[in-house]
Amino acid sequence: MSPVLAATKPDLLVFIAASAAVLSGAIGVVVARHPVHSALMLIQTLFGVAVLFVAQGADFLAAVQIIVYAGAIVVLFLFVIMLIGVDKEENVAAEPLRLQRPLALALGALSLLEIVLLSRTEWVTGASSLGGAANGAGDNVVKLGRSVFTQYLYAFEITSILLIIAVVGAVFLARRPPRSRSSEQLEEQR
Amino acid sequence: MSISPGPYLVVAAALFTIGAVGLLVRRNVLVMFMCVELMLNAANLSFVTFARKLNDIGGQSAVFFVMVVAAAEVVIGLGIIVAIFRRQSGATADDLHMLKG
């Protein structure tokens, strides 16, 4: 643990606070009875991850994390929760599959143990990049933009197709199926 | 010198594990979806950590693409959930057994 303590005090404080926010928010998402509370705890986790991004020099991604995740995705979650009216508490204690919960917890503990065991020797292996330097002088946005628009240009174009497909699919899925006139009017009155 | 990559990766692994356990344990479809988001965020966090350690901006580009795909996935998934819940009003994954053949 010596490399952790070798860090400067503000860095350490930021890391500890953000990690506590991330992990407590994640546990809150899992254990909250109410879906709305889960969504709010998810926002806490996303903010913590954004802070960890800033601490590692990924400024643009931290901003995108806040705008896209906390701003759009969680709002979409809340919107759907309100729209389909599942804003009622779930009976968390009910367990339709026997032994599901202990097995899930055991599997989670096992996978965590495996990750930590596997990485006991060295956390990060591999060669440093020669082409695109992430650290050092220069703007993070400039570097990321250069990388996305040169090296990963095709992937970027494909994501645009993906987004169009997603939008069309969402509109198609959310469209009301054609029904008789009277039932539509009933829906509108409701 | 800032904090070494190890603790960040421990946090990412713990976050991924919490998300995976939540996906297995919870029965509300929306909460299961949120647990998937937790796992995606854990992967993003380790991507950024590796990008810093290996001094490669490609890791951050990968996070960028993961975010785009996550946004598309959430839109489609929530659309499917809305379409299902319009037909029936059950809040848990156990109620969705109409595809059982």
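Visitor: At what angle do helix α2 and helix α3 of chain B pack?
Guide: In this predicted model, helix α2 of chain B covers residues 29-53 and helix α3 of chain B covers residues 58-87. Their axes lie 9 Å apart, and the packing angle is about 175°.

Visitor: Are α2(B) and α3(B) roughly parallel or roughly antiparallel to each other?
Guide: The angle between the two helices is about 175°. Angles over 145 degrees count as roughly antiparallel. The relation of α2(B) to α3(B) is therefore roughly antiparallel.

Visitor: How do the residues of the contact of α2(B) with α3(B) divide into nonpolar, polar and charged?
Guide: On the α2(B) side the contact includes B:Phe33, B:Glu37, B:Leu40 and B:Phe47. On the α3(B) side, B:Gly58, B:Val63, B:Val66 and B:Ile81 are among them. The division is 14 nonpolar, 5 polar and 1 charged.

Visitor: What radius of gyration does chain B have?
Guide: Along the principal axes, the C-alpha atoms of chain B fill a box of roughly 55 × 25 × 20 Å. For a compact globule of 101 residues, a radius of gyration near 13 Å would apply, but the value for chain B is 17 Å.

Visitor: What percentage of the residues of chain B count as buried?
Guide: Burial requires 20 or more other C-beta atoms within 10 Å of a residue's own. Of the 101 residues of chain B, the buried share is 56%.

Methods: Residues are numbered from 1 along each chain as its sequence is written. Chains are lettered from A and ligands numbered from 1 in the order in which they are written. This is a predicted model: local features need pLDDT of at least 70, side-chain atom pairs count only at pLDDT 80 or more; totals for chains, interfaces and linings use all residues. The radius of gyration is taken over C-alpha atoms; the globule rule is 2.2 Å times the number of residues to the power 0.38. A residue is buried if 20 or more other C-beta atoms lie within 10 Å of its own, exposed if 12 or fewer, and partly exposed in between; C-beta atoms are placed from the backbone. Axes are lines fitted to C-alpha atoms, for helices over the stretch in contact, and angles run from 0 to 180 degrees between N-to-C directions. Helices (H or I, at least four residues) and strands (E, at least two) are DSSP runs, numbered from the N terminus. Angles under 35 degrees count as roughly parallel, over 145 as roughly antiparallel, 65 to 115 as roughly perpendicular and the rest as oblique. Two residues are in contact if their C-beta atoms, placed from the backbone, lie within 7 Å. Ala, Val, Leu, Ile, Met, Phe, Trp, Tyr, Cys and Pro count as nonpolar, Asp, Glu, Lys and Arg as charged, and the others, Gly among them, as polar.
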